[in-house]
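Please open the model in your viewer and keep the sequence alongside, as each stop below says what to select next.

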Protein chains: 2
Amino acid sequence: MSAPHTDVEQVEAANTAFYEAMERGDFEALSALWLAPADLGVDEEFHDPADVGVVSCVHPGWPVLTGRGEVLRSYALIMANTEYIQFFLTDVHISLVADTAVVTCTENILSGGPAPEEGAELGPLVGQRVVATNVFRRTRDVWKIWSHHASPVLAEDESDDSPEGDDFPA
Amino acid sequence: MSAPHTDVEQVEAANTAFYEAMERGDFEALSALWLAPADLGVDEEFHDPADVGVVSCVHPGWPVLTGRGEVLRSYALIMANTEYIQFFLTDVHISLVADTAVVTCTENILSGGPAPEEGAELGPLVGQRVVATNVFRRTRDVWKIWSHHASPVLAEDESDDSPEGDDFPA
């Protein structure tokens, strides 16, 4: 593939890189993809009611994690407990305004934990369908992850935008 | 309360207005809060791989809804099936960079559907704990909702950022 040129191509490449880092279990690459205070010229110790560019992350079924410390610790933990993971992304949609992009996608996930018994190579493989909203911010021509929110799809009727059987507030 | 002055105060007020519109079942107010192509000077019929400022919405357990049409239809449907709903917001956190804000919060929800039998005023009340990531974009000094992603909290240990018992990808 040639180098991404347009904003959309760059954002899509950043989004793909995010999932590929997870697949490889590459913590360093993943850390580098998340927005850091230094990217925005903000002092690491800066704190404010409006934390400038502070990252947030919601894993499926989890509460909100806020700040690079909490977010990256969660990924270290996930990587330590995941022997195998693969993401098949579908329905990737990119919405751009200036230096911010909102990416939505469906993460069709196949994953396995560590082997439960000696000799086995992998724990049982689990398939999961998750939807994600990923917010990217451009800093010095590089798109970094500002927010990731992923959640399980609990009900779906392909022919209809309005799954039934749930009370489903805002 | 005096009028909100700072960016953070304005964003927090917009976030509150979003939930209050839901509580009142005020579809017009809710529609006005969502980003529209006209807010960005984009032609309504504009389409592109990077849809400029196209909104997206994920209700708890739902797939992604994209564009004002799908998103607003979902709210009309929800409002039609919700007799009573109240949001108690906690853990509100605002992260700002220039004209974009990422708000995370916990939605502690009490809701009830229409009465299942004649004479009853309300269906059974249901409590729910949901976390949300709301992205706001400033247009002409007004903060509009660009993206809303809400998901159920399925496991939580207050003393720990790392709920157990799930395979939990990105």
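**The strands of chain A**

Select strand β5 (residues 100-112) and strand β6 (residues 125-139) of chain A, which run antiparallel and are joined by 13 bridges; strands are DSSP runs of E of at least two residues, helices are runs of H or I of at least four, both numbered from the N terminus, and two strands pair if DSSP finds at least two bridges between them. This is a predicted model, in which local features need pLDDT of at least 70, side-chain atom pairs count only at pLDDT 80 or more, and totals for chains, interfaces and linings use all residues. Residues are numbered from 1 along each chain as its sequence is written, chains are lettered from A and ligands numbered from 1 in the order in which they are written, and side-chain values use heavy atoms, without hydrogens and water.

Within this pair, A:Ile109 stands opposite A:Gln128 in β6(A). Then centre on the hairpin of β6(A) and β7(A), where 2 residues lie between the strands and A:Arg140 takes a positive phi near 45°.

Zooming out, chain A has 3 helices and 7 strands, in the order α-α-β-β-β-α-β-β-β-β from the N terminus on.

**Two helices of chain B**

Finally, select helix α1 (residues 7-24) and helix α3 (residues 67-80) of chain B, which pack at an angle of about 45° with their axes 9 Å apart.

Technical notes: Axes fitted to C-alpha atoms, helices over the stretch in contact; angles between N-to-C directions.
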